Amino acid sequence: MDCFEEDLVNALREIVNSSNWQCLGKKSNFKSQCTKVYSEDGEHIVLIRTEDDRFWAMDSSCPHEGGPLDLGDIEDLGNGKLALICPWHHFDFCLDTGESSTGLQNQIYEVRVVQDNVYINTQNALSLCPIPEINTVSLGKESLEDVKSTSTEDTLCYWATKILCTPDPKDKVMLTQEVLERWNSGKITEVGQAAPPAQPSRKDSLTVLEPGKIKRGKGGTQASRIALLHSLANIEQWAIDLSWDIIARFSSFTLSSGEPLPRQFFSDFVKVAGDEAKHYLLLERRITELGSYFGALPVHNGLWQSATDTSQDLLARLAIVHMVHEARGLDVHPQTLSRFAAQDDMSSVKVLEVIYSDEITHVAAGLKWFTYICSEEGRECLSTFHELVKQHFKGYLKPPFNTEGRKTAGMTEEWYVPLVKPSS
Ligand code: FES
Ligand SMILES: [Fe+2]
Ligand SMILES: [Fe+2]
């Protein structure tokens with residue numbers, strides 16, 4: 001190679017290196033229909049290869065509730081278009097556009113095959129090596145006796161811990177309702193202190209899988225409605241525990257002034273716990289009316305991971321659990337509702353409407369206490385929130401957002417729009 005040719009090759013190499021085309025290696029490496037590709041920014045991608053040897057790519061985390069699209073199936077939508085079907089609630093995502101008939105949108109990426117090598121157009125470095133996953137989380141088996149609690153029976157923390165250690169969701173609900181009544185009527189007056197269990201207890205008969213390991217059969221329309229209600233009831237069971245956990249875990253939290261949290265903080269989260277218990281009951285009843293029962297299907301424990309990640313930091317807990325996850329619940333509500341309405345299941349629609357209006361108040365509670373603590377500590381609310389989300393939440397926040405619902409909760413766009421993936 002003469003000097004000129006060498007310069008030219010180097011110049012071309014530089015162009016390729018500084019472009020957004022990431023080489024994944026030989027086409028022959030991608031034999032399966034879906035391959036998960038790990039992205040340096042945490043927003044992993046699924047590379048899809050269809051039988052006719054065409055390639056597509058989209059975000060692997062489902063925009064609905066984070067289901068693993070890399071474990072999904074490809075289906076023909078009947079209009080000449082192919083879609084990737086999420087294994088959790090069967091939302092479809094068109095391979096060409098990322099659009100779903102449910103109204104959600106997934107991020108797609110251009111894919112090219114050049115000289116047998118597969119390239120994806122993204123500015124982030126990609127890797128085929130899995131980033132080590134967190135191992136199977138063993139569910140808490142701690143009994144109340146194992147938990148070092150300095151609380152006596154007439155404190156809120158005693159009951160919070162007891163409820164976390166109660167495996168049967170029905171008992172959890174009953175106790176929650178009892179404590180709500182006793183706190184509101186002044187029969188329990190002290191907050192107390194407690195060391196809550198690392199994980200709440202679950203019934204032995206409940207099959208708990210890691211997020212991403214749940215694959216549901218297609219079933220008829222009723223079966224898919226039951227599956228959706230079942231997954232929502234599971235979320236509510238975790239939500240009851242998350243409410244009691246924030247109470248017990250942060251019972252001795254002090255502001256930099258040395259002051260404890262105001263009593264109203266605890267009252268607000270006791271109310272949230274009561275709402276979540278009500279939501280669980282409503283969903284469980286509806287599943288029973290439809291001829292199934294809670295526990296009939298496997299569930300995932302994805303929500304507790306956020307609790308563990310934020311167990312040392314109250315601001316991070318409020319930000320991730322209440323202002324990211326619960327706000328996401330508001331975003332997906334219209335789509336979920338329309339799925340039940342389309343099948344004329346108005347009883348389920350009524351249940352979902354009750355849940356929705358309560359959930360707005362939960363996002364509002366998260367926001368209220370987040371801003372309270374920030375202002376007491378002299379921290380700027382928005383930048384603190386953005387930093388904490390980047391630190392504790394994998395990937396970006398995804399539109400579409402329920403702007404109205406979020407606004408009713410007090411969460412204006414400046415809170416979440418800066419956390420959306422910048423367009424490249
Ligand atoms: S998480 Fe994918 S459809 Fe619900
Ligand atoms: Fe709820
Ligand atoms: Fe909630």
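Predicted model: local features only at pLDDT ≥ 70, side-chain atom pairs only at ≥ 80, totals over all residues.
**Close-up 1. Helices α7 and α8 packed together.** Here you're looking at α7, which covers residues 314-342, and α8, which covers residues 346-377. As for what makes up the contact of α7 with α8, its residues split into 20 nonpolar, seven polar and two charged. The handedness of this crossing is left-handed.

**Close-up 2. An open sheet of three strands.** Follow the order β5-β6-β7 and you'll find antiparallel pairing. At the edges are β5 (73-76) and β7 (92-94), each with pairing on one side only. On average, neighbouring strands of this sheet are turned by 35 degrees against each other, direction ignored. Zoom in on β6 (residues 82-85) and β7, and there are three bridges in the antiparallel sense. One to look for is I85, whose bridge partner in β7 is D92.

**Close-up 3. Strand β10 and its partners β1 and β9.** Strand β10 spans residues 117-121 and pairs with β1 (residues 21-26) over five bridges, in the antiparallel sense. It also pairs with β9 (residues 111-114), again antiparallel, over four bridges. V118 of β10 is a handy landmark: it is the bridge partner of G25, and V113 stands opposite V118 too.

**Close-up 4. The hairpin of β9 and β10.** Two residues lie between the strands here, and Q115 takes a positive phi near 45 degrees.

Technical notes: Residues numbered from 1 in each chain as written. Chains lettered and ligands numbered in written order. Axes fitted to C-alpha atoms, helices over the stretch in contact; angles between N-to-C directions. Left-handed = near helix turned anticlockwise from the far one by under 90°. Nonpolar A, V, L, I, M, F, W, Y, C, P; charged D, E, K, R; others polar. Pairing = 2+ DSSP bridges.
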